[in-house]
Structure formats: C-alpha cells, structure tokens
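Student: Please take one part of this model and go over it closely. Then connect it to the rest, in short sentences.

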Amino acid sequence: MRLLNRDDWYEISHDLDWTLSYVEERDAFPAEWTGSGGVPKAAWQAWEEPFRISYRDYVGVQREKEAGVAGVRDALKRAHIYEHLDPAVAAISHFHMGALCMVEQMAVTMLGHFARFAPSPRWRNISVFGMLDEIRHAQLQLLFSHDLLKHDPRFDWCQKAFHTNEWGIVAIRSFCDDWLLNANCVDAALAVHLTVEHGFTNMQFVALAADAMESGDIGFSNLLSSIQTDEARHAQQGFPTLEILMKHDPQRAQRVIDVSFWRAFRLFQAITGTAMDYYTPVGKRKMSFKEFMLEWVVDQHERTLRDYGLERPWYWETFLKCLDHGHHALHLGMWFWRPTLFWKPNAGVSRAERQWLNGKYPDWEESWGVLWDEIIKNINTGDIAKTLPETLPALCNLTQLPIGTHWDRHHLECFESRYDGRTYHFDSDVSKWCFDLEPTRYAGHLNVVDRFVAGLIQPPNLAGALAWMGLTPEVMGDDVYDYRWAAEFNRDRPAAA
Ligand SMILES: [Fe+2]
Ligand SMILES: [Fe+2]
C-alpha cells in the first residue's frame, strides 16, 4: 500500500471537529476555559496553524534532538566538565533548575488545557505537540539535575523548589498559577506564548546558553539550546490567537499583553538579569542584560504590537528606565538576603566587574556602587554580620518581589490600593495598575511578609522564616567566592584593615 503525502490528508486530520449531540456545546467547552467570550464560534475557523506538522514528522525531529542531547550528556560525564566549572557559573544552573524546571511542568498542563479546550480544532490538535515539547523540557532538566546531584545537593531543588515556600519561588509560582494554570486558553496563549515564550525565554534559553557555552558549561548550554528549538516553534501559536482577538476584542488583547509583559519582565529581571550581569564571568559575557533586552525583547515586542495594531503599554517609558536599574536592585537584595536563596550568589562587584557595569550602565556607581561600598567596608573590617539580614523585605502583593527593586535606589515608594477592607502594597504604579484592573484575581492572597505579620510563620524571626521556606544548611546561599573578591579593595584602605 502506498502512503499518501502529508498534504493529501493534512487538511482533514487537523480540522477534526463535529457537532455535539450528547452534550451541550457550552458544557463541553465552557467559556471560562476556552476564553472565547466575545468571539463568535465561527470566527475561530480562521485560526490557521503557524506551522504544519504531523505526528510522524514531529517524532522524527524530536528523536534527532534527543539523540543530540544524549550524545553531549554522555561525553560530558566522561570529561567531568561540571567538576571543573567556576563556582559562579555552576550557581547559574542551580538557580535555573530550581526556578524553571517546574515551570515547564506547568506548561504541560497549560498546553493540555489547549489540547482539550481551545476554541479551534486546529489549535487543539497542534497543542498536543506543544504538550509533548514541555514534557521533554521538564524531563530533560530533571535528568540533567539527577546526573549532577552527586556533586551538589542543590540540584535536588530542580524538583523540590516548587514544593517549598522559598520567596523567589513563590513569586514565580504566583505568575505561573495565574497565567499558565488558571487563565483561559485565549488569555494564556497571549500571556505565555506571545509574551513569555516569544520574548523572555529567548533571553534565558538563547542568550544565557551563549554565555554558558562561553563559560565552559557545555552541557547546560546544549540543554538550553535544544529546549529553545521547541519553544520557538510552539510560541508561534500565540499569533493566530491574537489575530482573531484583535478583530473582536482588541482592548482585551491589549490588557492581557500589557499585564503579562510587566509581570514577566519583573521576574526575568531577577532570573536572567542577575545571571547575565553578575554570575557570568566578566570576560565571558556576550552582552549586558539591558542590551539583550533591547535586542531580543523590546524590538520584538514593539514589532508584534505594531504588526497587530496594538499600542505600546502606557508604562513603556517607565519600563525602559527600569531596564537600567531593576535587576541591579534585585541582585543587591538577593545577595544581601542570601540565606533565603538555594544557590550561592556571586556579588560580581570586583574592580574589573564594576568597570564593566559602569560601562554598560552609566548610573550604576551612583545608584548601586555606593551601597556595595558599604558592604565591602563591612566585609573588610570583618563585620560580616552587618552584611546579613535580620528581617524580611517588604514585598509586593502583585509580583511578590521586594518593594524598591523595579527602578533605581531613589524609587522606593510603596504604592497602595484598598480592596474589600484590606490594604494591598505594590512595588510600582504599574503593579498597582495591574491589581486595580482585576482585584478579584489577586485579592485574598497573603505574601510571605503578610504571613509573617499574621503569625503564620513561627518562630517569628529570620530563622523561623528560613525553616518555613524549606532552606536547609547544605543548600542555603552564601557568597560564592567566600568574600575573597573584597580583598582587592582592602589594599587601598590599610586603615580599615
Ligand atoms: Fe518549555
Ligand atoms: Fe513553552
């Protein structure tokens, strides 16, 4: 029997749909899940796949990718690459695995929702492949971490992190619960495919992969690159969804994209900004976080907005200013609150590193160098205790990130909203705006500090908070170079020695 060419049968197979007779359409496809409210059913017939693939083709391509990753994995195990990595570079993979592996697992669920509830049969069909992609991503990162667990217990956090209350993980989980697990298909496609995957994961999976390769972490780089080939493909599913929504409810498209862009940006300031501008050895950095953001996210996002007739978000000027600062603020905060991390942060402020930072961010010294000088002074006088926290920072009720970390050190204002008898606090006017748009979406949640104040964390001190976050001594963060980097500043100030 002769096999048909794909194009002979593809049109029939991808459009598999029929008129329901045993159940009502609205029961099988509730608007709460499909997200098609406001868009007529017939409009979804225009949803065209941005790429065409059959199961046979998919499996063939993925098999090749798996063979590539497996080959590199075996070769690296034999070469003992991990054991020879710079500890700051190794910390990037501890951080990445804990912060992102379970996000991939949540994406499996999100694409599973699409495969079942998306308002177009073509979209449902193609989401099965996206779901398989995300299973591969979660499993690959678990496998990679399992290989390395014998070298460092922090790789256990690849699976464990999302089962703890570590504050940074709570921030990521808050975003993912909101947009990957609980949003309807249309909103999730815009927020995750178009905004997060099309823009931000490029930075984590392409730009960081390039830095990792340069820094000798070949296995991690190879893993990230292999994952990104899938992301680049299924992220395109957001475009036909946006195209249809623009014809029927453009205000909703604008709102979903503007809210999710800001929330994703705040998270990636913490995840990618710190790894690129502080943990990657200075001589190995390809570009700064800001440069990557401008090239990979800003240009691309502006083009998408323009092509589909959307406006830039009202907060665009604020966002551009935050590009110069927010991740420096988060880095300083994360290093200072290092016992609350499950990896060892690199301060990254030696003389050579400061020179690089000042070259890339002309205001860095004025805003952040002065604070690091104080820390360096305390290290060099042996007063490490002064460089460690005794309390917790105030946290935003939207992003769950510390207040005072989105811009420079002069923008510490706490924004507030009253809703249903309670005051909510925000790190910026943009986060407050997101909350005020849909207060019922966020209200009622207690952030880590709210829980602390409410007496839900016992004993009510830093040690109690660390235990509540699941941080144990063998993974708890400390300066990755054991403060040795500060010594070069000591020689110039013998009086302080
Ligand atoms: Fe993924
Ligand atoms: Fe994805």
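Tutor: Tyr 483 sits in the loop that runs between H21 and helix H22 (487-490). Helices here are DSSP runs of H or I with at least four residues, and strands are E runs of at least two, numbered from the N terminus. The model is predicted, so local features need pLDDT of at least 70 and side-chain atom pairs pLDDT 80 or more, while totals for chains, interfaces and linings use all residues. Residues count from 1 along each chain as its sequence is written, and chains are lettered from A and ligands numbered from 1 in written order.

Phi of Tyr 483 is near 70 degrees, a positive value in a residue other than glycine. Tyr 483 counts as partly exposed because it has 16 C-beta neighbours inside 10 Å. (Buried means 20 or more other C-beta atoms within 10 Å, exposed 12 or fewer, partly exposed in between; C-beta atoms are placed from the backbone.)

Now take Asp 420, in the loop between S1 and strand S2 (422-426). Asp 420 has a positive phi too, near 50 degrees, and is not glycine. With 9 other C-beta atoms within 10 Å, Asp 420 is exposed.

Another loop joins helix H20 (448-453) and helix H21 (462-468), and Pro 459 is in it. The peptide bond between Gln 458 and Pro 459 is cis, with omega about -10 degrees.

Next comes His 406, between helix H17 (364-380) and strand S1 (415-419). His 406 is buried, since 30 C-beta neighbours lie inside 10 Å. Beyond four places in sequence, it is in contact (C-beta atoms, placed from the backbone, within 7 Å) with Arg 266, Cys 322, Gly 326, Asp 427 and Ser 428. From His 406 to Ser 54 is 352 residues in sequence and 44 Å in space, C-alpha to C-alpha.

Ala 183 lies in the loop between helix H8 (167-181) and H9. It is buried, with 22 other C-beta atoms within 10 Å. Residues up to four places away aside, Ala 183 touches Asp 178, Ala 188 and Ala 191. Tyr 442 is 259 residues from Ala 183 in sequence and 13 Å from it in space, C-alpha to C-alpha.

Helix H5 (residues 87-117) and helix H9 (residues 185-214) have axes that come within 12 Å and cross at roughly 150 degrees. H5 is therefore roughly antiparallel to H9. (Angles under 35 degrees are roughly parallel, over 145 roughly antiparallel, 65 to 115 roughly perpendicular, the rest oblique; axes are lines fitted to C-alpha atoms, for helices over the stretch in contact, with angles from 0 to 180 degrees between N-to-C directions.) On the H5 side, Ile 92, Met 110, His 113, Phe 114 and Phe 117 meet Cys 185, Ala 188, Val 192 and Ala 212 of H9.

H9 also packs with helix H11 (residues 238-248), at about 130 degrees and with axes 9 Å apart. H9 and H11 are therefore oblique to each other. Val 186, Ala 189, Leu 190, His 193, Leu 194 and His 198 of H9 meet Gly 238, Thr 241, Leu 242 and Leu 245 of H11.

Look again at Leu 190. Its contacts beyond four places in sequence include Thr 195, Ala 253, Val 256 and Ile 257. Leu 190, Ala 188 and Leu 208 have the most contacts inside the largest nonpolar core, which has 134 residues. H5 gives this core its largest share, 18 residues. (Such a core is a set of buried Ala, Val, Leu, Ile, Met, Phe, Trp, Tyr and Cys residues joined through C-beta atoms within 7 Å.)

Technical notes. Two residues are in contact if their C-beta atoms, placed from the backbone, lie within 7 Å.
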